[in-house]
Amino acid sequence: MARWGSTDFQQLKRLQKKMEKLQSGDFDKFCEEAAKELAARLLGKVIRRTPVDDGVLRRGWTVQTESEAQAGGNPKNVKAYAESLIVTKVGSTYEIEVINPVNYASYVEFGHRTASHAGWVNGRFMLTISEQELDAQAPKILEKKLMKFLGGVFDGN
């Protein structure tokens with residue numbers, strides 16, 4: 001009868017434990033953290049791109065209401081505000097809503113007629129351009145974050 005040799009199943013057992021750790025790991029939490037990080041990066045880009053007149057529109061990105069933006073109080077920093085945003089899961093997609101509650105934000109974003117209705121003021125597209133930039137950067141950001149997450153699962157003992 002042929003002899004096949006000896007087998008050590010310890011590595012397979014360690015792999016099984018790591019896979020169980022990955023499965024029990026909070027992947028939803030990882031996805032929510034990733035969504036909040038992307039939202040913070042988007043806010044950073046759009047705030048820098050937002051024109052400053054009296055600062056209300058710029059402050060509007062990190063407050064809940066227009067009156068908070070007008071009060072000129074101490075708006076939250078971008079990262080803290082992004083952490084406070086709610087992430088919703090729709091099917092297999094995670095969504096986070098970034099808004100500016102200032103009533104004229106859409107006019108600055110997309111443009112508007114002049115007061116005399118004789119001309120047109122071009123939009124600044126601060127959010128649109130920032131979204132496009134982030135769309136191009138997101139795969140690299142998410143890959144790095146995912147590799148760190150997986151590294152924590154598979155590199156640890």
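Select F125 to begin: at 34% relative accessibility, F125 counts as partly exposed. That label covers the range between buried (under 20% relative accessible area) and exposed (over 50%), calculated with a 1.4 Å probe on protein chains only. You are looking at a predicted model, where local features need pLDDT of at least 70 and side-chain atom pairs count only at pLDDT 80 or more, while totals for chains, interfaces and linings use all residues. Residues are numbered from 1 along each chain as its sequence is written, and side-chain values use heavy atoms, with hydrogens and water left out.

**Stop 1: two rings**

Rings of Phe, Tyr and Trp (its six-membered ring) pair if their centres lie within 6.5 Å; planes under 30 degrees apart are called stacked, over 60 edge-to-face, and the rest tilted. By this rule there are two aromatic pairs. F110 sits in helix α6 (residues 105-110) and F125 in the loop between β4 (120-122) and α7, so the pair ties together parts 15 residues apart in sequence.

**Stop 2: the whole chain**

Now zoom out and colour by secondary structure. Helices (H or I, at least four residues) and strands (E, at least two) are DSSP runs, numbered from the N terminus. The chain has seven helices and four strands. Starting at the N terminus, their order is α-α-α-α-α-β-β-α-β-β-α. Of the 157 residues in the chain, 28% are buried.

**Stop 3: N122**

Select N122, which belongs to strand β4. Is N122 buried or exposed? With a relative accessible area of 61%, N122 is exposed. Show G111 too: the C-alpha atoms of N122 and G111 are 4.5 Å apart in space, and the two residues are 11 apart in sequence.

**Stop 4: charged partners**

Side chains of opposite charge can pair when their charged atoms come close. A salt bridge here is a side-chain nitrogen of Lys or Arg within 4 Å of a carboxyl oxygen of Asp or Glu. The structure has five of these salt bridges.

Select E37 and R41, whose closest N and O atoms are 3.3 Å apart in a salt bridge. Both are in helix α2 (residues 27-49), and because they are four residues apart there, about one helical turn separates them. R41 is partly exposed, its relative accessible area being 39%. E37 is also partly exposed, at 22% relative accessibility.

K145 has a relative accessible area of 21%, which makes it partly exposed.

Then move to K45 and E133, whose side chains meet in a salt bridge at 3.4 Å, N to O. This pair links distant parts of the chain, with K45 in helix α2 and E133 in helix α7, 88 residues apart. K45 counts as buried at 12% relative accessibility, whereas E133 is partly exposed at 30%. Which residues do shared partners join into one network? They are E37, R41 and K145.

**Stop 5: side chain to backbone**

A polar contact is a pair of N or O atoms within 3.5 Å; within protein, one must be able to donate a hydrogen and the other to accept it, and residues adjacent in sequence count only if both atoms are side-chain atoms.

Select S130 in helix α7. At 0% relative accessibility, S130 counts as buried. The side chain of S130 reaches the backbone nitrogen of V46 at 3.4 Å.

For another example, go to N77, in the loop between α4 (66-71) and α5 (78-84). A polar atom of the N77 side chain lies 3.2 Å from the backbone nitrogen of K79. Show A40 as well: N77 and A40 are 37 residues apart in sequence, and their C-alpha atoms are 9.5 Å apart in space.
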